[in-house]
Amino acid sequence: LELDATVDPDFLRNLTDAQRTKIIRVLRSNIDALVSGKDEAVDSIWTLMVQNGFEVYSVREGSIHISFRCFSEQSLVNLKRLCADKTLDKLFTEVFCPEFVEQGLESLTLRIPDDEFEKCVETFRHPAPETIVRSQSVS
């Protein structure tokens, strides 16, 4: 199941819209490496996600919008815990911010609305009939 999230950059100082847009564009491109997991720079986040049963499924245009995919209800619980205790914020900041410190980027904050978690819990507990049929045909 997929959850939509936003990664919000926190800047230490005011920047022009053009400067912010450029930084966000590069950050989005760098975060896109999480989809494949093939960049050594993202190893710490990739390993944590794999160990906890979820992945970054996509990174989209706009601000920085990403989708996580959880493979079980436990992986959903893990993702929620890692968001709540700010572990993912810290890792995203450590991995993606150093390149932009001089431009004033202080940290990254991952936001997943509670209703995204609730929607996924409901789907895991009460899957739609087509989901059950699809998962049985894959087995």
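A salt bridge here is a side-chain nitrogen of Lys or Arg within 4 Å of a carboxyl oxygen of Asp or Glu. Keep that cut-off at hand for the exercises below, and remember that the model is predicted.

**Exercise 1.** Work out which parts of the chain the salt bridge between Glu-2 and Arg-69 links.

*Solution.* Start with the contact itself: the side chains of Glu-2 and Arg-69 meet at 3.5 Å, N to O. This pair links distant parts of the chain, with Glu-2 in strand 1 (residues 2-11) and Arg-69 in strand 3 (residues 65-70), 67 residues apart. Next, look at the surroundings. Glu-2 has a relative accessible area of 37% and is partly exposed; Arg-69, at 22%, is partly exposed too. Finally, widen the view: Glu-2, Glu-55 and Arg-69 are linked in a network of salt bridges.

**Exercise 2.** Find the strands joined by the salt bridge of Arg-60 and Asp-4, and decide whether Asp-4 is buried, partly exposed or exposed.

*Solution.* The side chains of Arg-60 and Asp-4 form a salt bridge of 3.5 Å, N to O. Distant parts of the chain are linked by this pair: Arg-60 lies in strand 2 (residues 54-60) and Asp-4 in strand 1, 56 residues apart. For the second part, recall that partly exposed lies between the limits of under 20% for buried and over 50% for exposed. Asp-4 has 35% relative accessibility, so Asp-4 counts as partly exposed. Arg-60, with a relative accessible area of 31%, is partly exposed as well.

**Exercise 3.** Locate the two ends of the salt bridge between Asp-8 and Arg-111, then give the count of salt bridges.

*Solution.* In this bridge the closest N and O atoms are 2.4 Å apart. Arg-111 is partly exposed, with a relative accessible area of 44%. By the 4 Å rule, the count comes to 7 salt bridges.

**Exercise 4.** Describe where Asp-32 is placed and how far Asp-32 is from Ile-45 in space.

*Solution.* Asp-32 is in the loop between helix 1 (17-31) and helix 2 (33-36). A relative accessible area of 38% makes Asp-32 partly exposed. From C-alpha to C-alpha, Asp-32 and Ile-45 are 12 Å apart, while 13 residues apart in sequence.

**Exercise 5.** Name the residues that gather in a patch of negative charge on the surface.

*Solution.* The patch holds Asp-114, Asp-115, Glu-118 and Glu-122. To place one of them, turn to helix 6 (residues 114-125), where Asp-114 is found.

Key:
Residues numbered from 1 in each chain as written. Predicted model: local features only at pLDDT ≥ 70, side-chain atom pairs only at ≥ 80, totals over all residues. Heavy atoms only, no water. Patch = residues over 30% accessible without salt bridge, like charges linked within 9 Å, V, L, I, M, F, W, Y side chains within 5 Å. Areas by Shrake-Rupley, 256 points an atom, 1.4 Å probe, with all protein chains shown as cover. Lys, Arg positive; Asp, Glu negative; His and termini not counted. Charge placed at Lys NZ, Arg CZ, Asp CG, Glu CD. Helix = DSSP H or I, 4+ residues; strand = E, 2+ residues; numbered from the N terminus. Buried < 20%, exposed > 50% of the residue type's maximum accessible area, 1.4 Å probe, protein only.
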